Amino acid sequence: MKHKSSQVAIGGMASGLCLLLMFLTGMIPFSEYACPTFAGLVLIAVAEEMGRKTAFIVYGATALLSLLLAPSKEAAILFLFFFGYYPVLRTILEQRVGVKLLRLVAKLLLFNVMIVLGYLVVINVLGIPDILEEFGSFGKYSALVLLLFGNLFFLVYDYTVGNLTEVYRDYFAPKFLRRGGR
């Protein structure tokens, strides 16, 4: 019973922290992109301490509440479609896809498909068709240029998630949670 109550407590705190980050999207400029990525990073600790299943449950609850409550629906969509679950899914990909190049291609394909789907939802379902028109003279190629920069950001993000996971396992957990590293 103690383990279940710990899962609920840690899951609730992690979900609350993720939601707090998602609420900041309405207060800080350019946070529509940063806050969903930081909120996803919170799930590294949940996955490491309580397991992937609990991390995915926290992701689902946070994604749903973000869609309902977060000031920026674009940020909520980014969290829902990619950044919320990716830190947990990344460890699965690292373990199950042995060939490094194939793993990188799978990650990039996942990122591109989910980001495009997310923006199609923003444009068509949420009724924000002028999202790309905000770039004015940037022109008709703005979507492709943004996707290119998004892929560069994703490569940095993927590297960062991997390093933060290792730091959590090898430094934070042994030092602050008094349990052994790998």
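User: At what angle do the axes of α2 and α3 cross?

Analyst: In this predicted model, the axes of α2 and α3 cross at roughly 145 degrees and come within 7 Å. The crossing is right-handed.

User: Which residues make that contact?

Analyst: From α2 there are Leu43, Val46, Ala47 and Met50. From α3 there are Arg52, Thr54, Ala55, Val58 and Tyr59. By class, seven are nonpolar, one is polar and one is charged.

User: Why give both an angle and a distance?

Analyst: Two packed helices are described by the angle between their axes and the distance between the axes.

User: OK, what about α2 and α7, how do their axes lie?

Analyst: The axes of α2 and α7 come within 10 Å and cross at roughly 35 degrees. The crossing of α2 and α7 is right-handed.

User: And who touches whom there?

Analyst: On the α2 side the contact is made by Thr37, Leu41, Ile44, Ala45, Glu48 and Glu49. On the α7 side there are Phe153, Tyr157, Val161, Leu164, Thr165, Tyr168, Arg169 and Ala173. Sorted by class, this contact has nine nonpolar, two polar and three charged residues.

User: Stepping back, how many helices and strands does the chain have?

Analyst: Seven helices and zero strands.

User: How much of the chain is buried?

Analyst: Of its 182 residues, 39% count as buried.

User: What share of the contacts join residues at least 24 apart?

Analyst: Taking contacts between residues at least 6 apart in sequence, 68% join residues at least 24 apart.

User: Which residues touch the most other members of the largest nonpolar core?

Analyst: Met22, Phe82 and Phe83 do, in a core of 36 residues. The elements giving two or more residues to this core are α1, α2, α3, α4, α5, α6 and α7. The largest share, eight residues, comes from α4.

User: Why would nonpolar residues gather like that?

Analyst: In soluble globular proteins, nonpolar side chains tend to be buried together.

User: What is Phe83 in contact with?

Analyst: Leaving aside neighbours within four places in sequence, Phe83 is in contact with Pro36, Thr37, Gly40, Leu78, Phe111, Ile115, Phe153 and Tyr157.

User: Phe111 and Ile115 are in which helix?

Analyst: Both are in α6, and both are buried. What covers the buried residues of α6 includes α4, α5 and α7.

User: How far apart are the ends of α6, and what should the span be?

Analyst: Helix α6 covers residues 100-124, which is 25 residues. At 1.5 Å a residue it should span 36 Å, and its end C-alpha atoms are 36 Å apart, so the two values agree.

User: Now α5. Which of its residues are buried?

Analyst: Tyr86, Pro87, Val88, Arg90, Thr91, Ile92 and Leu93 are buried in α5. The buried residues of α5 pack against α2, α3, α4, α6 and α7.

User: Last one: is Gly150 buried or exposed?

Analyst: Gly150 is buried, because its relative accessible area is 17% and the cut-off for buried is under 20%. Gly150 lies in helix α7.

User: How far is Gly150 from Phe111?

Analyst: Their C-alpha atoms are separated by 9.0 Å, while the two residues are 39 residues apart along the chain.

Note on methods. Residues are numbered from 1 along each chain as its sequence is written. This is a predicted model: local features need pLDDT of at least 70, side-chain atom pairs count only at pLDDT 80 or more; totals for chains, interfaces and linings use all residues. Side-chain values use heavy atoms; hydrogens and water are left out. Helices (H or I, at least four residues) and strands (E, at least two) are DSSP runs, numbered from the N terminus. The expected span of a helix is 1.5 Å times one less than its number of residues. Buried means under 20% relative accessible area, exposed over 50%, partly exposed in between (1.4 Å probe, protein chains only). Contact means heavy atoms within 4.5 Å. A nonpolar core is a set of buried Ala, Val, Leu, Ile, Met, Phe, Trp, Tyr and Cys residues joined through side-chain atoms within 4.5 Å. Axes are lines fitted to C-alpha atoms, for helices over the stretch in contact, and angles run from 0 to 180 degrees between N-to-C directions. A crossing is left-handed if the near helix is turned anticlockwise from the far one by less than a right angle, and right-handed if clockwise. Ala, Val, Leu, Ile, Met, Phe, Trp, Tyr, Cys and Pro count as nonpolar, Asp, Glu, Lys and Arg as charged, and the others, Gly among them, as polar.
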